[in-house]
Amino acid sequence: EFRWPHRPSHTIVADASARLCAALCSEGDTWTVPVITLLLLLGLVAGAVIVSTVTRRHVQLDDGTVWVTSLKNQKAVRFNVKNKEADAGVSSSAPRFDIAQHNGDTILTETTKASTIKASTVSTGVKTDIKANTTTVVGGDTVALINEKTGNVWTGLSENLDSVTPTTSDPKMKLGEGGRIAVTHDGKVYGYRPSDGMVLRLDNPSSAKAKTLESLTDGKQQTVEGFTVIGSTPVIATGKTVIFKGGRVDVDTTGTLTLQEPPTDDVQSDWVAAASPRGLALIPLKSNAKANFIANGGKANPARPVSSKGCVYSAWSQKASNYIRACSPTDTSVKPQTLESVNTTSELVFRTNHRLVVLNDTVNGNVWNPEDSTKVIKIQWNKNTDRADRERTAEQRLGQQPPRLLQDLFRTIRPNQSRG
């Protein structure tokens, strides 16, 4: 870790330049000292910038945190999973808001705008205007914005969110009413068009036009409740039926199915999970497949399942038997577990990042780390803004160091010039 020297920087630079000059300067040479001093200071500034940049990049790649939200407290906070506490946060005045995240890219979506959250300062950065009913999805380096009402889709690089302009530019995809998207962990954007069951794909966010792949419904109109991609296999769910190329599986359950999100990595590839109010269906992606259904013993709203490291995580808003983790579509020994303090009013969302999976009640902000414990983690929401302010202050001080060094440069050069 880079540390600024305890001695004043101008005295260190002056001593170093004096020693170098003693070895290199000729008598009467009045400009060698300032030149040596300038070079030393430029090297010091460059070193500080490089160390700071490398440190920030490392933090963004894997800092052991996941962003979670609380509508009650009107905040999103960065939750340190190992320490079981939040270390910084941002506030929102919107009645409804959400977080999308992947590695160091975090985007806060509110009613009329979407904003990046800078990892270094934990404050909102660039933003873009959006219309109502817009959902943000992040995967790889890609951000995709879909208007749920029209099915129009805009894409770009997450770090350049302000260049994605849904209110003024033409969409990259026009999926129509009921259109769905899925963004894979490597940044590909898939779209489902209900009018003919067609699947489209953008291989990168800068692609001018989406590729047309295939229809999952033989060209027939089909409205769906869910759309996802496993590996490179698009999957849709309508009612209690899961459909993919070469396969159609009916699940014996109550209510509609909620398909899992695309996996956060490339481990899961040949099966898909779908939650119903009654439990979790595990379905091999092959013809004539049958669902392996794990009942939860109740009937409640499911969170959308997620996949990480080859395992699927699912949860329901009920007091008992409210959590299932499955790592194989054929494992019949999986049993539900009970996470404490979940109830029928919970609005559960799995948050995934940095190879971590936590469950978030977006109403009150409670968090569970099911791989570690079934106990609830109650965040101290009111303490996090102060921590964010302290981090921003530290960052600002770091940013002030190079100008301060330049001031030291002139403090060192002027005495040497006067001696000439």
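Q: Why is Ser-341 called partly exposed?
A: Its relative accessible area is 38%. Buried means under 20%, exposed means over 50%, and partly exposed is in between, with a 1.4 Å probe and protein chains only. Since 38% falls in between, Ser-341 counts as partly exposed.

Q: What kind of model is this, and how are its residues numbered?
A: This is a predicted model, in which local features need pLDDT of at least 70 and side-chain atom pairs count only at pLDDT 80 or more, while totals for chains, interfaces and linings use all residues. Residues are numbered from 1 along each chain as its sequence is written, and side-chain values use heavy atoms, with hydrogens and water left out.

Q: Where does Ser-341 sit, and what is its phi?
A: Ser-341 is in the loop between strand E26 (323-326) and strand E27 (348-353). Strands (E, at least two residues) and helices (H or I, at least four residues) are DSSP runs, numbered from the N terminus. The phi of Ser-341 is near 70 degrees, a positive value in a residue other than glycine.

Q: Which loop holds Lys-309, and what is the phi of Lys-309?
A: Look between strand E24 (306-308) and strand E25 (311-315) for the loop with Lys-309. Here, phi is near 55 degrees, again positive in a residue other than glycine. The relative accessible area of Lys-309 is 42%, so this residue is partly exposed.

Q: How do you know that Arg-351 is buried?
A: Arg-351 has a relative accessible area of 3%. That is under the 20% limit, so Arg-351 counts as buried. You will find Arg-351 in strand E27.

Q: Which polar contacts does the side chain of Arg-351 make?
A: A polar contact is a pair of N or O atoms within 3.5 Å; within protein, one must be able to donate a hydrogen and the other to accept it, and residues adjacent in sequence count only if both atoms are side-chain atoms. The side chain of Arg-351 makes such a contact with the side chain of Asp-98 at 2.9 Å. The side chain of Arg-351 also reaches the backbone oxygen of Ile-99 at 3.4 Å. Both values are within 3.5 Å.

Q: Which residues count as in contact with Arg-351?
A: Contact means heavy atoms within 4.5 Å. Leaving aside neighbours within four places in sequence, the partners of Arg-351 include Val-66, Trp-67, Asp-98, Ile-99 and Thr-362.

Q: What makes Glu-371 a partner in salt bridges?
A: The closest N and O atoms of Glu-371 and Lys-309 are 3.6 Å apart, in a salt bridge. Glu-371 lies in the loop between strand E29 (367-368) and helix H3 (384-419), and Lys-309 in the loop between E24 and E25, so this pair ties together parts 62 residues apart in sequence. Glu-371 also meets Arg-325 in a salt bridge, at 3.7 Å from N to O. Arg-325 is in strand E26, so that pair ties together parts 46 residues apart in sequence. Glu-371 is partly exposed at 41%, and Arg-325 is partly exposed at 37%.

Q: How many salt bridges are there, and which residues form a network?
A: The count comes to eleven salt bridges. Arg-201, Asp-203 and Lys-211 are linked in a network of them.

Q: How confident is the predictor?
A: pLDDT is the predictor's confidence in each residue, from 0 to 100. The protein averages 86, and 76% of the residues score at least 70. Over residues 1-5, pLDDT stays under 50, and over residues 49-60 it is below 50 too.

Terms used:
Salt bridge = Lys/Arg side-chain N within 4 Å of Asp/Glu carboxyl O.
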